[in-house]
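Look at the sequence and the model below.

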Amino acid sequence: MSNPQNPPISSRKQPKQARSTELVSAILEAAAQVLAKEGAARFTTARVADRAGVSVGSVYQYFPNKAAILFRLQSDEWRQTSDMLAATLADDGRPPFERLRRLVHAFIVSECDEAAMRVALDDAAPLYRDAPEARAAKASGERAFHTFMVEALPGATDETRSMAVRMVVATLSGVGKDFSSSPREPAEIASFSDAMADMFCAWLGDLQAGR
């Protein structure tokens, strides 16, 4: 018997034809609009179907419940963030600390741009935060950081690098969430990002020097 506190969050099926892909895209776009406007508490499959201009049955072809829709929105956001992290940190045409600076700026900009959606998804997180899919999605960004730290801290131990990853990821996530909770101007975002990047680079420099 399924546990009603942990509804299935996987999609029923994946679209294979262009028309089906367009339908899923329309459903997800409508879901994002409903979530941003109504919040997690008033988010329903019926409202998503109405906004997308399709039947509820059409939504259920691909998503078994509202938790599955919300998880898809969240996992898409996680994947986009992870792809950005990996691409920025792996850009070996730039020195490691320059990559880190670019990453901090891009991350803070993204947090500010998507603040309303992120708050709503955080409210819905109890529906899926303990699912295996959620843990796997969130782990990919940390892997990119671990690879980066091998290059940024070549003289450090594995334990030190792991600690550095935890510190940077936790600070980016927590401070970025707090900073983006209020509307910010571009100049304020740039100044804040520079300050955070300075802090990270100075600290990592000390770790590399053994201080």
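In helix α2 (residues 45–52), the buried residues are T45, V48 and A49; buried means under 20% relative accessible area, exposed over 50%, and partly exposed in between (1.4 Å probe, protein chains only). Helices are DSSP runs of H or I with at least four residues, numbered from the N terminus. The three cover an arc of only 100° around the axis, so they sit on the same side of α2, the arc being that of the directions from the helix axis to the C-beta atoms. G53, with a positive phi near 75°, follows α2.

This is a predicted model: local features need pLDDT of at least 70, side-chain atom pairs count only at pLDDT 80 or more, and totals for chains, interfaces and linings use all residues. Residues are numbered from 1 along each chain as its sequence is written, and side-chain values use heavy atoms, leaving out hydrogens and water.

The whole structure holds 1 aromatic pair. F179 and F192 are stacked, 3.9 Å centre to centre with 10° between the planes; rings of Phe, Tyr and Trp (its six-membered ring) pair if their centres lie within 6.5 Å, and planes under 30 degrees apart count as stacked, over 60 as edge-to-face and the rest as tilted. F179 lies in α8 and F192 in α9, so the pair ties together parts 13 residues apart in sequence.

Note on methods:
Helices (H or I, at least four residues) and strands (E, at least two) are DSSP runs, numbered from the N terminus.
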